[in-house]
Amino acid sequence: MPPASSLTSADARFQEAATVLGYSFDGELKVGGNYVPLVRDGATLYISGQVPRVGSTVVVTGRVGAEVTLAQAQVAAKVCAMRALALLQRELGSLENVRQVLRVTVYTQSAAEFTQQSEVADGASELLHSVLGEAGKHTRTSVGVYQLPKNASVELDLIASSKA
């Protein structure tokens with residue numbers, strides 16, 4: 001997606017990104033345990049780890065660098081970021097109310113020789129910037145891990161601040 005344009009709203013860009021990815025993020029976002037997907041403390045919002053789940057299906061599974069290509073992992077990172085944005089949109093009423101994405105951590109289920117975790121995370125970073133513009137720029141850590149829940153290829157957590 002191209003960088004965010006001031007001519008369209010962040011919410012419209014979110015819907016455009018969903019269309020490009022070919023998934024809907026309108027339904028319930030399934031939570032798999034005794035936790036909440038979002039906690040708000042004043043203007044700071046903490047998003048729990050999001051795997052690339054659409055509905056009840058994790059859409060990209062397996063080890064990146066083995067069963068999963070870099071390009072597929074980047075799509076998984078985008079789906080994770082879209083889930084986080086959907087949670088922010090529901091909490092804040094509009095993505096226009098996001099002041100700044102402060103921090104993103106991207107975990108990649110990696111094959112032993114795979115070292116492109118930062119390139120996987122680029123998928124999420126590019127999506128956040130394309131939807132939120134300058135508010136989508138963030139600090140980031142990308143980590144390779146042995147295994148993730150439900151055999152997901154990628155998991156992402158996020159911290160953001162709100163305008164209100």
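Reader: Is Thr19 buried or exposed?

Author: In this predicted model, Thr19 sits in helix 1, which covers residues 10-21. Exposed means over 50% relative accessible area. Thr19 has a relative accessible area of 64%, so the residue is exposed.

Reader: Which exposed residues does helix 1 carry on the face turned away from its buried side?

Author: Helix 1 has a buried side that includes Phe14 and Leu21. The face turned away from that side carries two exposed residues, Thr19 and Val20.

Reader: Within what arc do the buried residues of helix 1 fall, seen down its axis?

Author: The buried residues here are Ala10, Asp11, Arg13, Phe14, Ala17, Ala18 and Leu21. They line one face of helix 1, because the view down the axis places them within an arc of 160°.

Reader: Why might spaced-out residues in a helix point the same way?

Author: Residues three or four places apart point the same way because an α-helix has 3.6 residues a turn.

Reader: How far apart are the end C-alpha atoms of helix 1?

Author: Helix 1 has twelve residues, and at 1.5 Å a residue they should span 16 Å. The model agrees with that expectation: the end C-alpha atoms are apart by 16 Å.

Reader: Which residue just after helix 1 takes a positive phi?

Author: Helix 1 runs over residues 10-21. Just after it comes a residue with a positive phi of about 85°, and that residue is Gly22.

Reader: Is the crossing of helix 1 and helix 2 left-handed or right-handed?

Author: The axes of these two helices come within 11 Å and cross at roughly 145°. The contact is made by residues including Phe14 and Ala18 of helix 1 and Val79 and Met82 of helix 2. The crossing of helix 1 and helix 2 is left-handed.

Reader: How does helix 1 lie relative to helix 3: oblique or roughly parallel?

Author: The axes of helix 1 and helix 3 come within 8 Å and cross at roughly 140°. That angle makes helix 1, relative to helix 3, oblique.

Reader: What is the handedness of the crossing of helix 2 and helix 3?

Author: Helix 2 and helix 3 pack with their axes 7 Å apart, at an angle of about 40°. That makes helix 2 oblique to helix 3. Among the residues in contact are Ala77 and Ala81 of helix 2, along with Gly123 and Ala124 of helix 3. The crossing of helix 2 and helix 3 is right-handed.

Reader: How far is Val75 from Pro52, C-alpha to C-alpha?

Author: Val75 lies in helix 2 and is partly exposed, with a relative accessible area of 32%. Along the chain, Val75 and Pro52 are 23 residues apart, while their C-alpha atoms are separated by 8.6 Å.

Notes: Residues numbered from 1 in each chain as written. Predicted model: local features only at pLDDT ≥ 70, side-chain atom pairs only at ≥ 80, totals over all residues. Heavy atoms only, no water. Helix = DSSP H or I, 4+ residues; strand = E, 2+ residues; numbered from the N terminus. Buried < 20%, exposed > 50% of the residue type's maximum accessible area, 1.4 Å probe, protein only. Expected span 1.5 Å × (residues − 1). Arc of directions from axis to C-beta. Axes fitted to C-alpha atoms, helices over the stretch in contact; angles between N-to-C directions. Parallel < 35°, antiparallel > 145°, perpendicular 65-115°, else oblique. Left-handed = near helix turned anticlockwise from the far one by under 90°. Contact = heavy atoms within 4.5 Å.
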